[in-house]
Each structure stands twice: as structure tokens, then as C-alpha cells.
Amino acid sequence: MTDLSGIIAASVFVVVIGLIMTEKLHLTIAALLGALILIFTHTLTLTESIEYIARSHATLVLFFGVMVLVRAFEPTKIFEYLATQMVLIAKGRGKVLLLGIIAITTPICAVLPNATTVMLLAPLIPPLAEEIGVNFVPLLILMVFVANSAGLMTLVGDPATFIVGDAINMSFLDYLQRLSIGGVIAVISVAVVTPFLFRNVWQTNFTHLEDLPHPKVNHPRMLALGALIMAFVLTFFIIGDSLSTPISPAAVALLGAALALLLAHHSKIDTVHNILKDVDWSTLIFFMSIFVLIGGLQKTGVISVLSGLLAFILGKNIFLGSIVLLFTVGLLSSVVPNIPLVVAMVPLLKEYLVNVGLVGTEVLNPNFAGQFPPEVLPLFYAMMFGATLGGNGTLVGASSNIVAAGIAEQHGKEISFHTFLKYGLPMMGIQLVISAIYLGIFFLL
């Protein structure tokens with residue numbers, strides 16, 4: 001690979017991130033143009049670009065399936081009904097409303113990928129906010145913070161966590177025993193900071209609740225059947241991978257979407273065309289484009305060079321290495337979507353461990369099923385926490401952030417990069433510091 005190709009890949013990536021951060025271009029347009037520049041400069045071929053997208057097909061299919069599933073239920077007005085009930089339960093107190101969002105989001109994110117949870121719950125927020133006359137953007141941002149943080153409570157709560165856990169052959173039970181408390185601490189930190197970050201809503205007392213509209217649920221029979229579909233999807237999200245013939249969450253989501261389309265078409269409450277038209281294609285295209293940009297960095301060796309610099313800094317000091325890795329990955333994850341970042345970083349971390357003599361070369365085998373030495377595991381734990389919590393830093397840091405931005409845009413408001421940064425930067429800083437203390441106390445000291 002030529003030096004010129006590496007310079008092009010790195011330059012295009014930096015420019016795309018700069019355009020997104022400065023809001024000069026819509027994030028989807030910026031990422032798509034960047035991916036196309038790599039193709040037209042022959043940094044990547046179209047075939048190679050599609051291959052990099054295909055490597056993350058499960059993420060894209062999962063998002064698409066859940067988007068269709070949620071959209072198919074909209075004619076029942078169930079989201080508007082639940083939104084009103086949440087307001088009434090809060091009894092006009094902003095603090096109860098915010099804490100309610102935390103309480104509802106946390107347990108769901110413990111068993112479902114956080115972006116999936118945002119897809120399921122975020123549609124509740126805009127109608128809720130409209131009913132009480134409050135800006136729904138801060139509420140969506142809070143939900144994202146909780147979703148990303150609660151994703152650390154189990155191995156399947158965040159795609160980045162699962163990718164790292166799978167790379168070191170960590171079981172679901174092992175994760176619960178070793179790391180779940182870190183996820184609980186992350187959620188608690190969100191709750192503690194909420195009164196300060198979301199001060200305006202926290203201190204608000206909503207009045208005239210008796211004047212709120214009370215929407216009724218439409219098409220109850222369709223909703224009952226839809227609930228069965230949703231229960232099926234949620235059940236197999238949890239147990240699918242453990243079956244004798246594993247069923248991936250992506251396949252389950254796609255089947256759920258197909259059943260929802262069949263139900264909507266058969267009941268004639270909506271058309272397939274309308275449902276598919278309302279899918280957030282912008283978000284899906286953004287992720288595909290980002291996977292291509294990361295692929296360009298991988299193919300041209302830019303990421304390898306960066307990992308070499310990281311290895312030079314880390315040496316064999318696991319304590320220093322874990323702390324540096326936590327903040328390095330955290331900061332990178334705030335500007336690079338954490339899924340492709342982790343996909344790129346995991347093999348590089350393995351190579352680093354082999355090069356410095358901490359593990360044998362067998363760990364580089366994709367079929368390696370053994371266990372890593374306990375003394376090197378904090379490095380992988382640091383990557384999990386850094387990639388997941390670093391995603392709270394900026395709008396592009398995590399898939400759930402992008403999903404929430406897409407939902408906001410569908411409801412007529414934009415979550416700008418700077419708006420998210422105002423909340424995300426302090427949240428990320430606090431959580432990374434807390435995670436460093438947690439890693440130091442429980443694993444390193």
C-alpha cells in the first residue's frame with residue numbers, strides 16, 4: 001500500500017469528521033462523499049468497500065429490522081398513549097419525568113443492544129414533550145446517555161462490549177461476575193449528574209395536566225398481535241445465540257420486521273410502501289459510509305501505525321496501559337462510531353500483546369478458543385468502557401446517538417453536534433474518570 005493512499009484515507013477521514021463537527025454538511029452527506037472519494041481515488045475499490053460494509057451487516061440489518069418493527073405499530077397510537085401516561089405518572093414534576101426515563105431505559109438496555117432500546121423508546125419522547133410544552137431534545141440526549149451507560153451492565157447491552165467480549169472468549173456469566181457493577185456505576189453517575197446537566201427540565205413543574213389530550217389506542221387487535229411479535233423478538237434477542245442452532249439478533253429483527261409488515265398489510269392499517277418510506281435511511285447510509293472510511297484506514301495501514309504508537313506508549317505496564325487505553329479509546333470513540341473503532345482496535349491490541357511477549361501467537365488465530373492471561377484482561381476491559389462511555393461525548397460517538405438524532409429529525413427538530421457536545425463532553429469526562437478509578441480499584445491495584 002502506497003504512502004499516498006494512506007495520506008488520502010487519513011485526510012478524507014479527518015475532513016469528514018471536521019465537516020460533521022462544524023456542521024458544514026449534513027453528517028450523512030459528509031460521510032457518503034468521503035466514502036466515494038476513497039473509491040474514485042482507488043484507495044478502495046467498490047468491491048472492497050462493499051466487503052467492509054458486509055463485515056458489519058449484522059448491525060445494519062438489526063437497525064433496519066427494528067426501525068420497521070417500531071414504525072409498523074405507529075397507527076395504533078400506542079406511543080402517544082404511553083407518552084401521556086408517563087406525564088401523568090410524573091404528576092407535573094420534571095425531576096420525576098427525568099428519573100422515569102432513566103428507570104425505564106436501564107433494565108431494557110441490560111438485555112437489548114442500546115441502539116435497539118433507543119429505537120423502541122425514543123419515539124415516545126417527542127409526543128410526550130409536545131404534550132407538556134418542553135423541548136424534547138434534552139430528553140432524547142438523556143435517554144442516549146442512559147442507554148450507552150446501561151449497555152455495560154451485560155455482555156449484550158452494547159455491540160462494542162460484545163465484540164470485545166467475544167474476542168477474549170468471555171461468557172455472559174463471566175461478564176456479570178466481573179464487569180456488571182461497572183455498568184451499574186455508570187448509570188448511577190448519569191442519575192447523579194442529571195439535576196445539573198438538565199437543570200431546566202429538572203426544576204420544571206408542569207401545570208394544567210388535566211388539559212392534556214388523552215389519546216386512545218387504535219386497532220387493539222393488531223396491537224395485541226404486534227405485542228406477540230415483539231415478545232418473540234425480545235425473547236430470541238436474549239436466547240437466540242445460546243440455542244443449539246444459534247439465531248443472531250439481526251436475523252430475529254429481520255423476521256420481526258417481516259411479520260410486522262405482514263400484519264400491517266393484512267389488517268390494512270397501513271401500507272408496506274408507507275412503512276418502508278419512513279425508515280431512517282439517512283442513519284443506515286451514514287453507518288455504511290463510516291464503515292467504508294474505517295476500511296480505508298485499515299487497508300492503508302493508518303490504524304496499524306496509530307496502534308504502533310500506542311504500543312510504544314504502553315510498553316508492558318498493564319496499569320498504565322489500561323488507563324491510557326481507557327482515555328485514548330474513549331476520546332477516539334467520541335469522534336469515531338464505537339463499533340467500527342472496536343472492530344479495528346481488537347486485532348491491533350492482540351498484536352501488541354504478542355509483540356511485547358505477554359501472550360503467545362495462538363491468540364491471533366480467529367478460531368482461538370482459549371483464555372487470555374488474567375493480567376492482560378484489564379486492557380480489554382478498558383477498551384470496553386472507553387468505547388462505550390466515550391460514545392456519550394459527541395453526536396457521532398455511538399450508534400444510539402445517531403438513531404436518536406434521526407428520530408429527532410423525523411419529528412421536526414435537529415440534534416446538532418454542538419448541542420449534543422454541550423451535554424456529552426462533561427458526561428463523558430465524568431464517566432471516564434469514574435471508570436479509571438473503578439478499573440484501578442477492582443482490577444489493577
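Begin with the contacts across the whole chain of this predicted model. Among contacts in the protein with a separation of 6 or more, 79% are between residues 24 or more positions apart.

Next, display the protein as a cartoon. The secondary structure comprises 23 helices and zero strands. The radius of gyration is 22 Å, close to the 22 Å that the globule rule gives for 445 residues, so the protein is as compact as a globular protein of that length.

Now switch to a surface view. The accessible surface of the protein comes to about 18900 Å², and carbon and sulfur atoms contribute 68% of that area. Of the 445 residues, 54% count as buried.

For a local view, select residues 94-109, which form helix 6, together with residues 136-150, which form helix 9. Two packed helices are described by the angle between their axes and by the distance between those axes. Here the angle is about 35 degrees, and the axes of helix 6 and helix 9 lie 9 Å apart. The crossing of helix 6 past helix 9 is right-handed.

Finally, show the side chains where these two helices meet. On helix 6, select Leu98, Ile101, Ile102, Thr105, Thr106 and Cys109. Their counterparts on helix 9 are Leu139, Leu142, Met143, Val146, Ala147 and Ala150. Which classes of residue make up the contact of helix 6 with helix 9? Ten residues are nonpolar and two are polar, while no charged residues take part.

Definitions and conventions
Residues are numbered from 1 along each chain as its sequence is written. This is a predicted model: local features need pLDDT of at least 70, side-chain atom pairs count only at pLDDT 80 or more; totals for chains, interfaces and linings use all residues. Side-chain values use heavy atoms; hydrogens and water are left out. Axes are lines fitted to C-alpha atoms, for helices over the stretch in contact, and angles run from 0 to 180 degrees between N-to-C directions. Helices (H or I, at least four residues) and strands (E, at least two) are DSSP runs, numbered from the N terminus. A crossing is left-handed if the near helix is turned anticlockwise from the far one by less than a right angle, and right-handed if clockwise. Contact means heavy atoms within 4.5 Å. Ala, Val, Leu, Ile, Met, Phe, Trp, Tyr, Cys and Pro count as nonpolar, Asp, Glu, Lys and Arg as charged, and the others, Gly among them, as polar. The radius of gyration is taken over C-alpha atoms; the globule rule is 2.2 Å times the number of residues to the power 0.38. Buried means under 20% relative accessible area, exposed over 50%, partly exposed in between (1.4 Å probe, protein chains only). Accessible areas come from the Shrake-Rupley method with a 1.4 Å probe; for residues, only the protein chains shown count as cover.
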